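Please keep the sequence and the structure in view while reading.

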Amino acid sequence: MPLDIHFITMNVCSIKNRKTRFMAFDFLESVAADIIFLQETRLTSIQEIREAKRDWKGGFSFWSVATEPAGGVGILFKGGRKIEVKKVVDIWLGRCLMLDVQIDGSLLRLINVYGPQTISERRKLLSEIKQFLYTSAPVILAGDFNQVLRDVDRTGRYKKYESQFLVNLVEETGLIDIATAHGRKGKHTYYCGGRSSRIDLVFVKKGEIFSEIKETAVEFSDHLALSFCYGSVGKPRFGRGLWRLGAGSLEDAEVGKSFERLLQREVTKVDFFGSLSEWWDATKDSFRTFFKSVSFKKGREREQKCWSLRRKLEVCVSEGEVGEKVNRLKYLLRQQQYSRYKSLVLERDYGVSNSPDPYQNCKETVKRKLVEGLYDSQGHLQSTREGILGVVRSYYAELFRKKALDRGKMQAFLEATPGPNIENLDFSPLVKEITEEEVLQAIDKQQKKKAPGPDGLTAEFYKTFKVKLAPILVEVFNESLVNGSLPSSMQNSSLILLSKGKDSRHIENWRPIALLNCDRKLLARIFSVRLGKFAGLLLSSSQFCSVEGRDIYGALLLLRETLERCKLNKWGRYFLSLDQAKAFDKVDHEYLWATLQKYHIPGQFIEWLRVLYGGAKSFPLINGWQGEDFEVQAGVRQGCPLSPLLYIFALDPFLRGLQSCGLEGVPFPMGQSFKSVAYADDVTLVLSYPEEESLVSEHIKSYSEASGSLVNQEKSEALWVLEGRPSFNLENFPVAPEQVRILGIKFGRGDNAQVNWEEKLDVGIAKVQRWKAWKLTYRERIDIIKAYLIPLFLFVSYVFLLPEALYVRIQSLFFQMLWGSRINPVKRGVTFLQRKKGGLDMLCPVGFFCVIFLKYNFRNLMQEKKLLWEVSVKDWVSPFIKDWLLGDRVKEVRVSGGSIPSFLSQAVKLLRKWSIGKQELFSFSRKSIYLRVLDFFFCTPPIVQDCVSRIMEESLSFLNSKRIPKKFWDNAWLSFHGKLFVRGNLKYRSVDNRACPWGCGTEESQEHFLIECPVSQSLRCLLARLLHLQMLRDLNYSEFAYGVVGAGRENGTDKETLYIIIMVIRYHLWHMRCKWTFGQTKDPAEHVAKVIVNELILIKTMEIEKSVGNKMLWRNVHFVF
């Protein structure tokens, strides 16, 4: 970042006439400033802006035309710096202008603000600004905010709520007020009528360097000019990163046709290359060039359209136009302009996110990826670009370097380990030529919205053109395998780092992820599918990863059953969870090929794998900076579809050795026993006697010497499963005092179901406390519940049944998120109904999570071939479900203490309570079972007033129409149920005065509020005249509450459009009432009517913009001001 960029910001109090403009510009040209922010320019026409640009001699300038007399902002440049403007966004016409500029090669975001006079308008503006503050670029947010931050910033009365939104914004986005930073006392910048305040503010990101802060009085304004010098930064900047193909470039049909023509031309050039591999590399370069030009062209077209709309809007404002045309242009400009919020949502959706808030996710993503400094091998902290890249390259070049292993020990270890039974196995499918069908299936399985490799060609690209590309890829893959070398682009990858959440200055605390090119991943996926078909036959039964019919839940349930059997039978055992250091990265290739050979994988297939991994290179991509290549001679890449499968083959001899080394294990029914279980590199085993510890330690040593892997015994953890002192101690492994976490689940000596569910509830409560305060519709809240709250509990619900003691707590949590408080305006049972039946389609957590547990744990109890944990579950519950297993319902369940785990006895009782049969659990989907349980045991039908079935059906049909803007939906839904927030409906609150707030003298019921109140009547009469809809004068309760007018009263107007009109009237009438109740401000009916008409004009404009045919929906509706 360049040093010494001088800024000045000031409210000029109009430069509309030449005299004041001359005074202001004369002052600005005399001060040392590179960038100037001006507010309240009062330039209301294009002609005035042209004159201002002409009169400013310092350099180029950007202006936002004032849409009101005291508006207008501008950003001016002066001096000889090299400045390139990358982006111009009118965040709020006449009030806020944003520029992305590149100054001397570094990016800077400039946001000039002139705050509106009212609190509500200022909040709207700050909400719009907020999205642009989440960026890796430095931000200068400055201007006249028309509000203060603290009580000392104003003489006279200070209202805290006025500035709370700005204070929260500053804290959330990590900004700092430069005028009061480092203990400085900021001066008041505005003086009027004997009072003063500090409303001219400048914010920068924390960690930025600034100096020379000064407030200067000027003769042409009642505001002081605030100037400062912006310097270098304390944190490393993000680089440009690598090019990636945007999804938008693939959506245009013409682009698709152009690409196909390009591909045809490239195919004709095959004979000019020595091999298909060389041709494919060159062809991909052509693809990249083509799509880069497409992206550039689309960007230019979008920019030109944006400028065109901006000019049209400025012309309308200059000519004093108001109403539908101006609203339409503002809407179009907003749609066309760059939206940072959409960008953040896109970034959120492209990454792994545990927050519905894209702002929060942006901060979390930066925290997980930003490397601020790393210790090198000598212990020196490197914080420069070159230093950080050097540390990463040297560390991983050494980690992925080929190690010299003792071949004798490798061979001895593999020979001493029992192998799989390969009788009657035909391995010939592994070595068949790759077919087009396999390539197409691999393309279909590619996940969208994933980061591509160095070539930038995404999975979406291959999916879009798969029919054309699949035959070419077949030939490229087969020829490469025959020749023994992949195209050079398929051998390259970029290496990114993700934080493990520990000390980020140590490189060991970062997880390396290889970003491979998609064509290389396609070939790896084909190999993975072929080899995966043999995994269940060749791999140990204790491995639950990447094996068909086994999953992570099976591994956890096996551990759960083992622990419960030990506790109930008083069997003293240790659970030992092994920690493997850099498990995937330390796999030695020679050991891996030898293991595959031991498992009788054909030599040709192993040779193909050598080709896939041979000649691999990678380069670090840190903070968007690209480092130098290094060779990858070891490890299986995290990010490759084949890696998990190859790793578990490499680990399998170790697991088989554990099974055969003499461990006693834990007895299970039918003469079986549990000794160990693994999910990928997470291995857990049981120690029964002191001698077994030495057996395990010796086996670990042999495995490490043979494979080059490292089991970290100091970081491994053991748990004694019984209460009291262990019968023997471990010498080589640390012992956890209470519990051990395995695969994300806590296992201990207490009630594990209670412990794990309470932990998840605590996490959920912390998230809901932040989420519930957001201004969201009920539908949006339910979407957040389903997308972000449910996954918090989903994992544990497979392993442990939700304890009955937590039913109330989890229901309360979910409904706090829905309502935003502990108050339930509508019965919970109504919200569970589908939307078409008058509900919200709310998810019932008790029914949902309990059905998940029942479905997964009981579905296979009648199968002949059962996994070990299923054998155990059936042994526990068989005495209580004998009739159920024969097709009858569960009889009365009486469980004596300690004879069965509590969560299983509760599960059997639920089978009886909810009448879930064996066939239903086995044959029906989880969703079908849940919906039946929900319908019979949780749902409550709605109770509505004066609403016959025809009106209810029509009202719900309109309510759920896509035409309804989301901001009106909640009010319409509450009105349908007769639960608008009026005093007569607040029975659950101790309200002393339940009379109509407009002084009618009667209790404010919903019927009185809508029909009987004179304020409502006068507003409807006024709107009847303005909209030429006379039926609005004499609406009855049913029509106004449900939005469905009586037969024959629509007078040729579309019934759904009438519903929208009534809905908008009801919404603004209710807001008018709330303003009077809470703010004691009474809006005139004429003002509210104008707002309603403008709202309807906007809705009509947006609908017609989508389709011209929608104009007919608004027939017989006329807008008269």
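In helix H19, the buried residues are His 589, Glu 590, Tyr 591, Leu 592, Trp 593, Ala 594, Thr 595 and Leu 596. The structure examined here is a predicted model. Because 8 of the 10 residues of H19 are buried, this helix is largely enclosed by the rest of the structure. Its buried residues pack against helix H11 (407–416), H20, H21 and helix H22 (690–707).

Helix H20 covers residues 603–613, and its buried residues are Phe 605, Ile 606, Trp 608, Leu 609, Val 611, Leu 612 and Tyr 613. These buried residues of H20 pack against helix H14 (466–483), helix H16 (518–532), helix H19 (589–598) and helix H21 (643–660). Just after H20, Gly 615 adopts a positive phi of about 70°.

## Domains and the annotated region

The domain assignment of the protein gives domain 1 (5–230), domain 2 (248–340), domain 3 (542–588 + 641–724), domain 4 (752–938) and domain 5 (949–1106). Taken over C-alpha atoms, the centres of domain 1 and domain 4 are separated by 54 Å.

An unreviewed UniProt entry lists residues 479–747 as "domain: Reverse transcriptase". In the model, this span is 38% helix and 24% strand, and its end C-alpha atoms lie 51 Å apart.

Strand E2 consists of residues 35–39; 5 of the 5 are buried, so the strand is largely enclosed by the rest of the structure. In a regular strand, side chains alternate between the two faces of the sheet. In E2, Ile 35, Phe 37 and Gln 39 point one way, whereas Ile 36 and Leu 38 point the other way, and all are buried.

E2 pairs with strand E1 (residues 5–11) in the parallel sense over 5 bridges, and Asn 11 stands opposite Gln 39 in E2. Together with helix H1 (residues 18–30), E1 and E2 form a right-handed β-α-β unit. E2 is also joined by 5 bridges to strand E4 (residues 73–77), and these two strands run antiparallel. Here Phe 37 stands opposite Ile 75 in E4.

## Strand E8 and its partners

Strand E7 (residues 106–114) pairs with E8 in the parallel sense over 6 bridges, with Asn 112 opposite Ala 142 in E8. From E7 the chain passes through helix H3 (residues 119–130) to E8, and this β-α-β crossover is right-handed.

E8 also pairs with strand E12 (residues 200–205), in the antiparallel sense and over 5 bridges. The bridge partner of Asp 144 in E12 is Asp 200.

Ser 14 lies in the loop between E1 and H1. A relative accessible area of 13% is under the 20% cut-off, so Ser 14 counts as buried. Ala 680 is placed in the loop between strand E25 (676–679) and strand E26 (682–687). Ala 680 is likewise buried, with a relative accessible area of 9%.

In soluble globular proteins, nonpolar side chains tend to be buried together. The largest nonpolar core of this model has 260 residues, of which Phe 461, Tyr 462, Phe 527, Phe 793, Phe 814 and Phe 858 touch the most other members. Helix H38 supplies the largest share of this core, 13 residues. Leaving aside neighbours within four places in sequence, Phe 858 is in contact with Phe 853, Val 877, Trp 884, Leu 904, Ala 907, Val 908, Leu 911 and Leu 921. A second, separate core of 32 residues includes Met 10, Ala 24, Leu 309 and Leu 333.

Met 1072 is found in H38, which spans residues 1055–1079. Is Met 1072 buried or exposed? At 5% relative accessibility, Met 1072 counts as buried. Residues up to four places away in sequence not being counted, Met 1072 touches Trp 998, Val 1015, Asp 1083, Ala 1085 and Val 1088. The C-alpha atoms of Met 1072 and Leu 399 are separated by 68 Å, and these two residues are 673 residues apart along the chain.

Definitions and conventions
Residues numbered from 1 in each chain as written. Predicted model: local features only at pLDDT ≥ 70, side-chain atom pairs only at ≥ 80, totals over all residues. Heavy atoms only, no water. Pairing = 2+ DSSP bridges. Helix = DSSP H or I, 4+ residues; strand = E, 2+ residues; numbered from the N terminus. Right-handed = clockwise from strand over helix to strand, strands pointing away. Domains from an automatic or database assignment. Buried < 20%, exposed > 50% of the residue type's maximum accessible area, 1.4 Å probe, protein only. Contact = heavy atoms within 4.5 Å. UniProt positions renumbered as here; feature names shortened; annotations may be inferred. Core = buried A, V, L, I, M, F, W, Y, C linked by side-chain atoms within 4.5 Å.
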